[in-house]
Every structure is written in C-alpha cells, then in structure tokens.
Amino acid sequence: MIKNRAKSVTAGTEDGAKKSRKIPETAPLIAVLVLMMMYFSIASEYFFQVENFRNILANAAVTGIVCIPSTFLIIAGHIDLSVGSAAAVSGMMLAQVVNSQGVALGMLAVLAFGLVFGCFNGFLVTVVGVNSLITTLGGLGFLYGVALLIGNGQTVGMNDFEWLGTAQPLKIPLPIIIFAVIALLGAITLRYTKFGRSIYAIGSNPNAARVVGIRSNRIIFQTFILSAVASALAGAVLTSQLSAGSPNSGLGLELQVVTAIVLGGASLAGGRVSIFGTVLGLLIVGILNNGLILMDVPTFWQRIAQGLMLILAVS
C-alpha cells in the first residue's frame with residue numbers, strides 16, 4: 001500500500017511538473033500587460049488610441065536601447081547603475097558640440113564618450129576587481145556632477161538635430177526602429193553566438209566558465225562597453241526629442257532599466273533572463289507610466305509605483 005501511495009504521489013508530481021513546463025515563464029507578464037491595458041482603457045478614453053500607443057513605444061524605446069546591453073550584464077551577474085548619468089552627460093555633450101561643430105562631430109563625440117566610459121567601468125571591474133555595483137554607483141554620482149559642470153547647471157538648447165528623436169519613417173518613430181533593431185540583434189547574439197552563450201555560462205557558474213576556457217573578464221569588459229555606448233546613444237535620442245541637453249534628462253533611467261529587466265524574469269544572481277522578457281517588462285513600465293499620466297496622477301507617484309513594482313518583482 002505504501003509503495004502504491006508513493007507511486008501515485010510521484011506520478012502526480014511528475015504530471016504537475018509537466019503541466020507547469022507547458023506554461024511559458026512569460027505568461028504572467030503577458031497577463032499583467034493585458035490587465036493593465038484593460039484597466040487604463042476603462043480609466044481613460046484616450047488610452048486606446050493609435051497615437052497614444054505610438055507615444056508609449058517611442059518613450060519606452062529610449063529606455064529599451066539601454067535595457068538590451070544591461071540585460072547582457074545582468075545575465076553575467078553584473079549591473080550598471082550609471083546609465084542615467086551617462087545618458088545625461090552624452091546629451092549635454094551633444095548639445096554643446098552640435099551648436100559649435102555640427103551634427104556629425106556631435107554624434108562622434110557622444111559615441112567616443114560612451115566607448116571611453118565603458119572601458120573605464122570595465123577596467124575597474126575586471127582588472128582592478130571593484131564590484132560592479134560600487135563601480136557604477138560611483139559613476140552615477142560622478143557623471144551627474146560632470147553633466148552639471150558641462151552646462152553650468154543649466155539646460156543647453158540645441159538646433160537642427162530634432163530628426164533623431166522625432167522622425168517617423170513609414171509613420172513609425174525612429175527611436176522605435178532603433179530599439180527594435182538593437183533588441184533583435186541582442187536576441188540573436190544571446191541565442192546563436194559564442195559571445196551570447198559565454199555570457200550565460202559566466203552568469204550561471206563563473207568558475208566552470210573559466211575552467212572550460214571562456215575568457216570571462218574580456219567578455220564582461222566588452223559588455224560594459226556596450227552598456228555605456230547604448231547609454232550614450234539613448235542620451236542622444238532623448239536630447240534630440242527635447243531639442244536641448246539637460247543634466248536631469250537621465251534621472252531615474254537606471255531604475256526603469258533595472259525594473260524592466262527584473263520584471264522580465266531576470267535573476268540578479270545572473271544566468272537567467274531573455275530579451276523577450278525584458279521587452280515585456282519594458283512595456284509594462286511604459287504602459288504604467290502612460291496610464292498614470294492620462295489619469296492625471298502626479299509625477300512623483302510614478303516613481304513610487306516603479307519602486308513598488310521592482311520590490312514586488314524581486315520578491
């Protein structure tokens with residue numbers, strides 16, 4: 001009798017495991033997304049409009065550009081909290097250089113800044129051995145001060161470069177196209193390339209990755225460069241949308257990025273997350289912000305909602 005009970009319990013457990021495996025990990029995210037859309041469509045007559053969804057995607061795209069390489073970092077067990085300040089500095093640099101030297105040199109300066117700052121973060125983490133949380137937290141404060149210094153604490157207006165943030169080829173905002181291309185390349189990289197598989201291996205078991213010959217430090221170094229360059233590009237897009245560089249333009253960007261990635265199913269210990277999950281998390285954050293704005297909820301409640309969402313996601 002005991003053996004029969006044990007067999008029935010085992011069979012039930014296996015059946016339950018099989019059923020749970022049939023449910024995609026992203027199913028709860030999709031359910032939350034649908035419920036949010038239903039609620040905001042009832043709460044505001046303006047929510048379910050094509051133009052509003054275009055605005056949601058355009059605003060989320062700026063954050064999404066940063067989310068993709070940040071997803072790489074979190075898979076590898078690291079984090080970059082300096083993305084918002086890096087975006088602010090790149091925006092201030094862009095406005096200054098475009099006004100004096102033109103658009104081409106402005107974009108070149110922005111991308112060069114991202115490359116140099118990414119090397120700086122990567123060097124501290126992989127060579128000096130400073131924890132990535134401490135490195136990028138220090139970078140957050142340092143770069144925010146630099147952004148204030150560039151413009152003397154003031155917003156810097158910019159002319160003749162609105163197209164990067166506002167152009168709509170085929171009636172699709174250009175930032176959405178940029179983000180879609182980056183997200184597609186990110187998904188392909190993680191799934192089909194040696195670089196992507198190595199990132200998963202490093203995050204899952206760093207010691208085993210080293211034993212099998214993966215050059216972990218080099219890959220982490222390169223990923224920090226990707227993160228910084230993406231932050232610089234996002235800052236350029238945001239500055240183009242605003243037609244001005246502001247030291248506060250990237251304020252809170254790091255919170256939105258981490259919230260989107262964690263909502264997407266990321267483990268902060270590394271080794272687990274997907275680009276599709278990150279995109280779903282990004283949409284949830286974007287729709288939440290948009291819905292609260294349409295309901296005339298004060299801006300500071302958006303920050304509270306994002307913080308609570310992050311805590312709930314990690315819990």
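Predicted model: local features only at pLDDT ≥ 70, side-chain atom pairs only at ≥ 80, totals over all residues.
**View 1. Helices α4 and α5 cross at roughly 150 degrees.** Start with α4, which covers residues 83-101, and α5, which covers residues 103-128. Their axes come within 8 Å. Angles over 145 degrees count as roughly antiparallel, so α4 is roughly antiparallel to α5. The crossing of these two helices is right-handed. On the α4 side, look for contact residues including Ala 86, Val 89, Met 93 and Val 97. On the α5 side, the partners include Val 103, Leu 105, Met 107, Phe 113 and Phe 117. Sorted by class, this contact has 13 nonpolar residues, 3 polar ones and no charged ones.

**View 2. The largest pocket has a volume of about 690 Å³.** Its lining is made up of 27 residues, and the closest to the pocket centre are Asn 59, Thr 63, Leu 238, Gln 256 and Asn 289. To find your way around, follow the helices α3 (50-75), α11 (216-242), α12 (253-263), α13 (275-294) and α14 (299-314), each of which gives at least two residues to the lining. That lining divides into 12 nonpolar, 14 polar and 1 charged.

**View 3. The second largest pocket has a volume of about 250 Å³.**

Notes:
Residues numbered from 1 in each chain as written. Heavy atoms only, no water. Axes fitted to C-alpha atoms, helices over the stretch in contact; angles between N-to-C directions. Helix = DSSP H or I, 4+ residues; strand = E, 2+ residues; numbered from the N terminus. Parallel < 35°, antiparallel > 145°, perpendicular 65-115°, else oblique. Left-handed = near helix turned anticlockwise from the far one by under 90°. Contact = heavy atoms within 4.5 Å. Nonpolar A, V, L, I, M, F, W, Y, C, P; charged D, E, K, R; others polar. 1 Å grid on protein atoms, 1.4 Å probe; cavity = no way out; pocket = protein on both sides within 12 Å on 5 of 7 lines; lining within 4 Å. Points joined across faces, edges and corners; volume = space filled by probe spheres on them.
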